Amino acid sequence: MKTFINVQDLGDLKKALAEAAEIKADRFKYQHLGRNKTLLMIFFNNSLRTRLSTQKAAINLGMNVIVLDVNAGAWKLETERGVIMNGDKSEHLLEAIPVMGSYCDLIGVRAFAGLKDRDYDYAETVLNQFIKYSGKPVFAMESATVHPLQAFADLITIEEHKKVQKPKVVLTWAPHCRALPQAVPNSFAQWMDAAEDIDLVITHPHGYELDPAFTGNARIEYDQRKAFEGADFIYAKNWSCPGVANPQDYGKILCEDMDWTVDSAKMALTNHGKFMHCLPVRRGLIVTDEVIESEDSLVIPEAANREISASVVLKRMLESL
Ligand code: CP
């Protein structure tokens, strides 16, 4: 596997889930694969889970790890071509990328959407430059439009906790005080749609329609309470306007209605549904204390499974070197 961006990169999902279960049972089974191999993790944005879980997965596989926080100690990077670099950016990404590639065997990149220019973000301009110019296998650690390590961990978690063969999984928009990217809901929808045995329903206010390239066959239900009825899993997330119907609204907050917060009364409409969120989560906006602290909350095992999803991805990439 030379790139990991979309669900298709992993091939057969059932095989990938079996591999995840195998690694979870014996995390050091493939420790020989990473001997004398180096992972470079590049962060343009903050992280807790991705940083720690991916590093742990690499260590489990016997790798060395280098972490670069671009905005804390490195030269400020220019990402656009054709600019006169007379501002505060000292180095161009087009030199920096091959230099970084020369120090490692695999590269993970975190580079969020700027939410200013939909075309720029949805072209995955930064991530694709790493793929093109690093000469090394590259995986997304949340890019402008996708967060596949998270979605894979979410799928592993659902597989572990489902009580019916084909669970009803609801992706619900919830309010937030800042404009957030669409990477997590995009990947969650893409991965749930690709998993054959999941009934995916997406609920959000009007104007928050995700790009159909990610939502596939998912059903859209604008009535959140109706969507929750009989659900086995509730996956809450905020996202800003994806600009599908109205490109001029891309990245904007269109709704601040606190009636979309996930609370116990709504969870009572589900089929004893489990609550999920990728974290970090803002309590009181996305979800109430009561729900996230309940025994039906899966947020901690879900985060723990990030080590497993990263392990499968790194193993596949090491095998392809
Ligand atoms: N869910 C997730 O990616 O968490 P971090 O932003 O802390 O890495």
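L40 has I66, in β3, as its bridge partner. Strand β2 (residues 38–43) and β3 run parallel and are joined by six bridges. Helices (H or I, at least four residues) and strands (E, at least two) are DSSP runs numbered from the N terminus. This is a predicted model: local features need pLDDT of at least 70, side-chain atom pairs count only at pLDDT 80 or more, and totals for chains, interfaces and linings use all residues. Residues are numbered from 1 along each chain as its sequence is written, and side-chain values use heavy atoms, without hydrogens and water.

Now the whole sheet. Five strands form an open sheet in the order β1-β7-β6-β2-β3, with parallel pairing. Two strands pair if DSSP finds at least two bridges between them. At the edges are β1 (3–4) and β3 (64–69), each pairing on one side only.

Next, the aromatic rings. Rings of Phe, Tyr and Trp (its six-membered ring) pair if their centres lie within 6.5 Å; planes under 30 degrees apart count as stacked, over 60 as edge-to-face and the rest as tilted. F4 and W191 are edge-to-face, because their ring centres are 6.0 Å apart and their planes stand at 75°. F4 belongs to strand β1 and W191 to helix α7 (residues 183–194), so the pair ties together parts 187 residues apart in sequence. F4, F152 and W191 form one aromatic cluster. F4 counts as buried, at 0% relative accessibility. Buried means under 20% relative accessible area, exposed over 50%, partly exposed in between (1.4 Å probe, protein chains only). W191 also counts as buried, at 0%.
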